[in-house]
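Hi,

Here is the model I promised to pass on.

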Amino acid sequence: MKSVSAFTDGACSGNPGPGGWGVVLRSGEHEREIYGGEIETTNNRMELTAAIEALQALRESCQVELTTDSTYVKDGITRWLQKWKINGWKTAAKKPVKNQDLWEQLETQTDRHVVQWLWVKGHSGHPGNERADALANLGMNEIRGG
């Protein structure tokens, strides 16, 4: 099974507002960068979209080390998702889970791979995270017409 390192990040100007997502994928000597944006979104939606796009971009089942600076994404997929599903997509406070559509997409993509979820502090100089952040901002700026 191929091993891939993925670095993901989301950005948003205003929350909600225009946003972007960025991904750096590395496997051996190969590197691929992808990014995109949405006109009206939230930071959490862009963080989730980045992780979904990273996993979706892999054509075959891979061993993926996915690094995010979003505790929301990491904790959501590794700790909260199963409880939300058992509780009919309600939080512990009995409120509807936000971004259910994206959580379902992320779970579908995660099931295709063997994923190790890693967290890094954002804007701390981590090269992969800094590049993903730059790509997310590029996606956001392009969607704003800049």
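Some housekeeping before the rest. This is a predicted model, where local features need pLDDT of at least 70 and side-chain atom pairs count only at pLDDT 80 or more, while totals for chains, interfaces and linings use all residues. Residues are numbered from 1 along each chain as its sequence is written, and side-chain values use heavy atoms, with hydrogens and water left out.

Asparagine 99 is not a glycine, yet has a positive phi of about 65 degrees. Its place is in the loop between helix 2 and helix 3 (helices are DSSP runs of H or I with at least four residues, strands are runs of E with at least two, and both are numbered from the N terminus). Lysine 94 sits in the loop between helix 2 and helix 3 and has a positive phi of about 65 degrees without being a glycine, but lysine 94 is exposed, with a relative accessible area of 63%. There is also a cis peptide bond between asparagine 15 and proline 16, with omega about 15 degrees; proline 16 lies in the loop between strand 1 and strand 2.

Now the core. The largest nonpolar core has 30 residues (such a core is a set of buried Ala, Val, Leu, Ile, Met, Phe, Trp, Tyr and Cys residues joined through side-chain atoms within 4.5 Å). Leu25, Val64, Leu66, Trp103, Leu106 and Trp117 touch the most other members. Two or more residues each come from strand 1 (2–12), strand 2 (17–27), helix 1 (43–56), strand 4 (62–68), helix 2 (71–86), helix 3 (100–111) and strand 5 (114–119). Helix 1 gives the largest share, 7 residues. Setting aside neighbours within four places in sequence, leucine 25 is in contact (heavy atoms within 4.5 Å) with residues including Val4, Ala6, His30, Ala54 and Leu58.

On helix packing, helix 1 and helix 3 pack at about 25 degrees with their axes 9 Å apart. Axes are lines fitted to C-alpha atoms, for helices over the stretch in contact, and angles run from 0 to 180 degrees between N-to-C directions. That makes helix 1 roughly parallel to helix 3 (under 35 degrees is roughly parallel, over 145 roughly antiparallel, 65 to 115 roughly perpendicular, and the rest oblique). Their contact divides into 7 nonpolar, 5 polar and 2 charged residues (Ala, Val, Leu, Ile, Met, Phe, Trp, Tyr, Cys and Pro count as nonpolar, Asp, Glu, Lys and Arg as charged, and the others, Gly among them, as polar).

Helix 2 and helix 3 pack at about 100 degrees, axes 11 Å apart, and are therefore roughly perpendicular to each other. Among the residues making that contact are Tyr72, Ile77 and Trp84 of helix 2 and Trp103 and Leu106 of helix 3. By class, the contact has 7 nonpolar, 3 polar and 2 charged residues.

Last, glycine 139, which is found in helix 4 (residues 127–143). Glycine 139 is buried, with a relative accessible area of 3%. Beyond its neighbours within four places in sequence, glycine 139 is in contact with Gly19, Gly20, Tyr35, Gly36 and Gly37. Glycine 139 and glutamate 38 are 101 residues apart in sequence but 8.2 Å apart in space, C-alpha to C-alpha.

Cheers

How values were computed:
Buried means under 20% relative accessible area, exposed over 50%, partly exposed in between (1.4 Å probe, protein chains only).
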